[in-house]
Amino acid sequence: MKIEEIIEELVTYKEQIPKKALEEALKKKEEIIPKLLEMLDYTKKHLDDILDGKDDFFGYVFAYFLLAEFREVKAFPYLIDLVKHGDEVLEFVLGDDYLGTLPRLLASTYNGDDEVIYSLIENEELDEFTRSAVLQVFAILYFNGDKTREFLVDYLRELLNKRKDNNNSYLYIDILNIVSDLKLKELSKDVDDLFSLIENEKERKELKNYLEDDTPINRELFPYKPFYEYMYNTIELMEDWDCFCVLEDKEYERSEEYLECQSIIRQRLLNFRALKKGVGRNELCSCGSGKKYKKCCMNIEDDLSTLDLIDKFVSKAEWYLNKKEDKKAYKFFRVAWFEVQHLCEKNNIKSIFEYDNRYDSFDFLSNWLQYYDEILENSDEKNKIYERIELCNTLERMFDLNEESALYFKEFFIRAKANAYFKLNNIVEARRIILDYLEEKPTWVWGYVEMADWYFLEKDKDLEKARDILLKAEAVTDIEEPTVIYERLADIYKELGDDELYQKYWNKL
C-alpha cells in the first residue's frame with residue numbers, strides 16, 4: 001500500500017480494525033511518522049468539533065498508538081496537551097481503558113521533560129486517577145532502565161512528604177502499588193501508613209507480604225506485562241476494542257453459545273427470586289443444601305452480576321475456541337478467571353467442586369479451566385508459559401486439591417506445571433514436581449508418561465530417555481492404566497526400528 005492509501009484507511013472510523021493498513025504503517029515507519037504527526041496537529045486544532053461530532057475524523061486514535069510504538073518523542077507534547085483537557089476528553093480520544101494505556105503512551109514518547117510530568121501529577125484539579133496514570137510513567141521509565149532507582153525513590157518520597165493527613169487520593173494507593181510492584185524496600189517505612197487506605201484486609205496483607213518478599217520480579221507476569229512495558233502491540237491491543245468488534249459481536253449474538261448463556265442468566269435470576277420468596281434468614285435454604293438461608297443462597301444476590309459476567313466471558317471464549325481462534329478465546333478465559341478468584345475469595349470457596357455445585361453456570365469451572373490451560377500449553381510465548389505456572393500456583397493456593405473428588409484435577413495441574421517448567425528449560429524443577437507426587441503416589445502412571453513425553457513428543461526427541469522412563473513405570477507394582485505405557489513403548493520401539501519389541505508391546509494392548 002502507498003502512504004496515501006494507508007492514511008485514507010486510518011482517517012475515519014470503520015466497524016472492523018483496518019489491520020492491513022496498520023501492518024503497512026508499521027513497515028513504513030520513516031515515511032508515515034510525519035503524516036501521523038500531522039494527524040495529531042489536526043486533532044489539536046479541531047478537537048472541539050471532533051468532540052461535538054461535527055468532524056468525523058478518527059485518525060488520532062491510530063496516530064497516538066503508532067507513534068508510541070515507534071517511540072516518537074514529537075508525539076509527547078500532544079499527549080500532554082490531551083491530559084490537560086481532563087479525563088472525559090482522554091476517555092473519548094483514547095478509549096475506555098485510557099488509564100491502562102495512557103502511562104504506556106506517555107512513557108513510550110517521553111522527551112525528557114520531567115517538569116511537565118511533575119506539574120500534572122501534583123495538579124489537584126486533575127482527576128486523581130489521571131494523576132496516578134501520569135505517575136506510572138516514571139515507574140515504567142525506571143522499570144525499562146530509562147530512569148534510575150534513586151530518581152524514582154526520591155520523587156515518590158517527596159510526594160509522600162507533601163501529603164496532608166486527610167488526603168486519601170487514589171494517587172497514594174498507586175504509590176503503594178508501585179512501591180510494592182517494584183519492591184522499593186527503601187520506602188517501606190514511608191508507605192507504612194498508606195496500607196490503611198486498602199479497605200480489604202486480605203489485599204492489605206498480600207500487598208505487605210509482596211513488598212517484603214525477596215523473590216525476583218518476573219517481567220513476564222501480570223502486572224509487569226503489559227502495564228510496565230513500552231507500547232509495542234498496537235494491533236493486538238486494538239483488536240479487542242468494542243468499536244472494532246461490532247460485526248463479530250453480532251455474529252456471536254446469533255450463536256448457540258450466546259443464546260445458551262442468556263438462558264442460563266435468566267434462569268439463574270428466576271431461581272434466585274423463587275428461593276428468596278418466603279424464606280426467612282434462619283430457615284433452611286430451599287435449594288436443598290441443608291444450610292440456613294443466610295449462610296447459603298441469600299448471599300448469591302450480590303454475586304449475580306459477577307456470575308453473569310463470568311458466563312458471558314466463558315461463553316464467548318468457547319465460541320472463539322469453536323472458531324479455532326484460540327488467541328481471542330485466551331483473553332476472555334483470562335478475565336473470567338480473575339473474576340472467579342475474586343468471587344471465591346469473597347465467599348470463602350475452597351474447592352473447585354464447591355464452586356461448581358454452588359453456581360449454575362454456562363460451563364463447569366473444572367472444564368473451562370482446562371481449556372484455558374490448553375491454550376497456554378500450546379503457546380510458545382514466554383509470558384504464557386509463566387502464566388501457566390501462575391495458574392497452577394493460584395489453584396494450589398486457593399483450593400483444597402487433596403479431596404478425593406479433586407484428585408484428577410490435582411494431577412492434571414501437577415503435569416501442567418511440570419510441563420511449563422520443562423518448556424522453560426528448567427528440567428530440574430520439572431522433574432522435582434513430578435517425582436514429589438510420585439513419592440506420594442508411586443502408581444501414578446501419568447507422572448511417568450509426562451516425563452517420557454518431554455523426550456518423545458517434543459521437537460528434539462530423545463527416544464532412549466523416553467523409553468527408559470516408561471520401562472521404569474512398567475516395573476512399578478500395580479501401576480495405574482498400564483496400557484498407556486504399552487502404547488507409548490510400542491510407538492517408541494516402532495520409531496527406533498525394533499520390530500520385535502514393537503510387536504511385543506502392541507500385542508499387550
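Modeller: Cys-261 counts as buried, with a relative accessibility of 0%; the model in which it lies is a predicted one. The cysteine sulfur closest to that of Cys-261 belongs to Cys-245, at 17 Å, which is too far for a bond. Cys-243 is partly exposed, its relative accessible area being 27%. For the sulfur of Cys-243, too, the closest cysteine sulfur is in Cys-245; the separation is 7.9 Å, again too far for a bond. A disulfide requires two cysteine sulfur atoms within 2.5 Å, and by this rule the count for the structure is 0 disulfides.

The aromatic rings come next. A search of the whole structure finds 39 aromatic pairs. Phe-222 is partly exposed, with a relative accessible area of 46%. Phe-227 is also partly exposed, with a value of 33%. Another pair is formed by Phe-412 and Phe-413: the ring centres are 4.9 Å apart and the planes stand at 70°, so this pair is edge-to-face as well. Here Phe-412 is partly exposed at 22% relative accessible area, whereas Phe-413 is buried at 3%. The cut-off that separates these two classes is 20%.

Ring pairs can also join into a group. A cluster linked in this way contains Tyr-13, Tyr-42, Phe-57, Phe-58, Tyr-60, Phe-62, Phe-65, Trp-241 and Phe-244.

The charged end of Lys-183 is placed over the ring of Tyr-210, 3.7 Å from the ring centre. Lys-384 lies over the face of Tyr-330, and its distance from the ring centre is 4.5 Å.

The structure holds 1 cavity of 30 Å³ or more, and the volume of the largest cavity is about 60 Å³. The lining of the largest cavity is formed by Leu-40, Thr-43, Lys-44, Leu-47, Tyr-64, Tyr-78, Asp-81, Leu-82 and His-85. Two elements give two or more residues to this lining, namely helix H3 (29–45) and helix H6 (76–84). Sorted by class, the lining has 5 nonpolar, 2 polar and 2 charged residues.

Notes: Residues numbered from 1 in each chain as written. Predicted model: local features only at pLDDT ≥ 70, side-chain atom pairs only at ≥ 80, totals over all residues. Heavy atoms only, no water. Phe/Tyr/Trp six-rings, centres within 6.5 Å; stacked < 30°, edge-to-face > 60°. Buried < 20%, exposed > 50% of the residue type's maximum accessible area, 1.4 Å probe, protein only. Lys NZ or Arg CZ within 6 Å of the ring centre and 35° of its normal. 1 Å grid on protein atoms, 1.4 Å probe; cavity = no way out; pocket = protein on both sides within 12 Å on 5 of 7 lines; lining within 4 Å. Points joined across faces, edges and corners; volume = space filled by probe spheres on them. Helix = DSSP H or I, 4+ residues; strand = E, 2+ residues; numbered from the N terminus. Nonpolar A, V, L, I, M, F, W, Y, C, P; charged D, E, K, R; others polar.
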